[in-house]
Amino acid sequence: MTDGKAAPNRWNTAILYGYIATGSVVGGVARYLLSLVIQFGTEFPWATLFVNVTGSFIIGFYSTFSGPDGRLFASARQRQFVMTGFCGGYTTFSTFSLETFRLLQAGMVQTAYTNIAISIATWLVAAWLGHLLANRLNSLKRS
Amino acid sequence: MYAPMVSALLSVVVGSALGGVARYFVSGIVARRVGETFPWGTLSVNVSGAFLIGIFAALARNNASLFAAPNPWLFAVTGFLGCYTTVSSFSLQTLALARDGEGGRAIGYVAISVALSIGAVAVGFAIVNLTR
């Protein structure tokens with residue numbers, strides 16, 4: 001706090017980190033609780049697929065809905081809270097990688113490849129559908 | 001009866017807060033250093049997170065290890081690494097590349113992310129097993 005000019009900047013950065021940390025906690029806890037609920041007793045990692053697909057949909061929707069032409073006005077901090085914080089914490093690439101590795105290790109090569117193919121396809125389609133839905137809602141305003 | 005549930009949840013909460021902030025910090029540094037025409041920042045966190053999860057998974061196989069206990073695992077893997085790595089940004093960036101007419105880069109990003117991440121798990125796992 002010795003530098004009078006840098007202090008407000010540092011304060012803004014601290015607040016931004018607070019938003020991201022809080023969003024990440026909400027996302028991480030939601031993912032954890034869903035992993036307790038979504039247990040089908042099969043080898044296929046459904047819980048991880050579910051959070052990654054729904055998280056991709058949410059980020060695709062929100063980024064367009066709150067974007068420059070979007071219907072929702074959101075501050076930069078609110079966007080960081082939802083996208084970097086919540087969506088980033090809610091979805092996980094590391095668990096996806098570990099589960100795929102474990103399937104390969106267990107000799108379930110077919111299931112591992114299926115997990116990769118289905119995951120990539122459904123993540124991208126979900127983000128795209130979210131974007132399309134938001135675009136649709138955004139254009140309703142102007143008509 | 002509620003104490004284990006509370007401590008489990010707290011482990012996830014603390015790990016999540018640190019993991020999300022670490023992702024923003026690391027991906028930001030990489031993006032500023034290497035440039036933002038390709039999502040190197042997200043690729044770095046996803047691959048380094050996969051390497052670490054491989055290490056923790058191998059450590060957890062030893063019952064005497066710290067990570068064989070529920071709360072350290074919830075903190076480090078479910079919380080920290082779960083939030084440190086991300087699929088949502090990955091999906092958004094892949095679509096952005098595709099929409100910008102960079103179809104080749106989009107496919108490359110997907111292939112590199114998946115191959116390097118699963119490879120990184122295997123490397124992390126193997127390192128622990130070799131040094132044991």
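How much of residues 14–34 of chain A is helix and how much is strand, and how far apart are the end C-alpha atoms? The chain there is 100% helix and 0% strand, with the end C-alpha atoms 30 Å apart. Helices here (H or I, at least four residues) and strands (E, at least two) are DSSP runs, numbered from the N terminus.

Some ground rules first. This is a predicted model, in which local features need pLDDT of at least 70, side-chain atom pairs count only at pLDDT 80 or more, and totals for chains, interfaces and linings use all residues. Residues are numbered from 1 along each chain as its sequence is written, while chains are lettered from A and ligands numbered from 1 in the order in which they are written.

Chain A comes out with an average pLDDT of 93, and 94% of the residues score at least 70; pLDDT is the predictor's confidence in each residue, from 0 to 100. Confidence in chain A is lowest in H1(A), at a mean of 93, and highest in H2(A), at 98. Since the radius of gyration of chain A is 19 Å, well over the 15 Å that the globule rule gives for 143 residues, chain A is more spread out than a compact globule. That radius is taken over C-alpha atoms, and the globule rule is 2.2 Å times the number of residues to the power 0.38. Laid along the principal axes, the C-alpha atoms of chain A fill a box of roughly 60 × 50 × 25 Å. Of the 143 residues of chain A, 41% count as buried. A residue is buried if 20 or more other C-beta atoms lie within 10 Å of its own, exposed if 12 or fewer, and partly exposed in between, with C-beta atoms placed from the backbone.

The UniProt record (an unreviewed entry) lists residues 14–34, 46–65 and 112–134 of chain A under "transmembrane region". UniProt positions are given in the numbering used here, feature names are shortened, and annotations may be inferred rather than shown by experiment. Residues 46–65 of chain A are 100% helix and 0% strand, and their end C-alpha atoms lie 28 Å apart. H2(A) is mostly covered, with 14 of its 20 residues buried.

Now for where the two chains meet. The contact takes 39 residues from chain A and 36 residues from chain B, two residues being in contact if their C-beta atoms, placed from the backbone, lie within 7 Å. On the side of chain A that touches chain B, H1(A) gives the most, with 11 residues. By class, that side of chain A has 18 nonpolar, 20 polar and one charged residues. Here Ala, Val, Leu, Ile, Met, Phe, Trp, Tyr, Cys and Pro count as nonpolar, Asp, Glu, Lys and Arg as charged, and the others, Gly among them, as polar.

One residue of helix H1 of chain A is A:Ala21, which is buried, with 21 other C-beta atoms within 10 Å. Leaving aside neighbours within four places in sequence, A:Ala21 is in contact with B:Ala17, B:Gly20 and B:Val21.

The unreviewed UniProt entry also carries a "binding site" annotation that covers A:Gly88 and A:Thr91. A:Gly88 sits in helix H3 of chain A and is buried, with 34 other C-beta atoms within 10 Å. Beyond neighbours within four places in sequence, the contacts of A:Gly88 include A:Ser24, A:Gly27, B:Gly20 and B:Arg23. A:Thr91 belongs to the loop between H3 and H4 of chain A and is buried too, with 30 other C-beta atoms within 10 Å. Among the contacts of A:Thr91, neighbours within four places in sequence aside, are A:Val51, A:Asn52, B:Thr86 and B:Ser88.

Over in chain B, nine of the 12 residues of H4(B) are buried, so H4(B) is largely enclosed by the rest of the structure. Among those buried residues are B:Ser88, B:Phe90 and B:Leu97. Just after H4(B), B:Gly101 takes a positive phi of about 80°.
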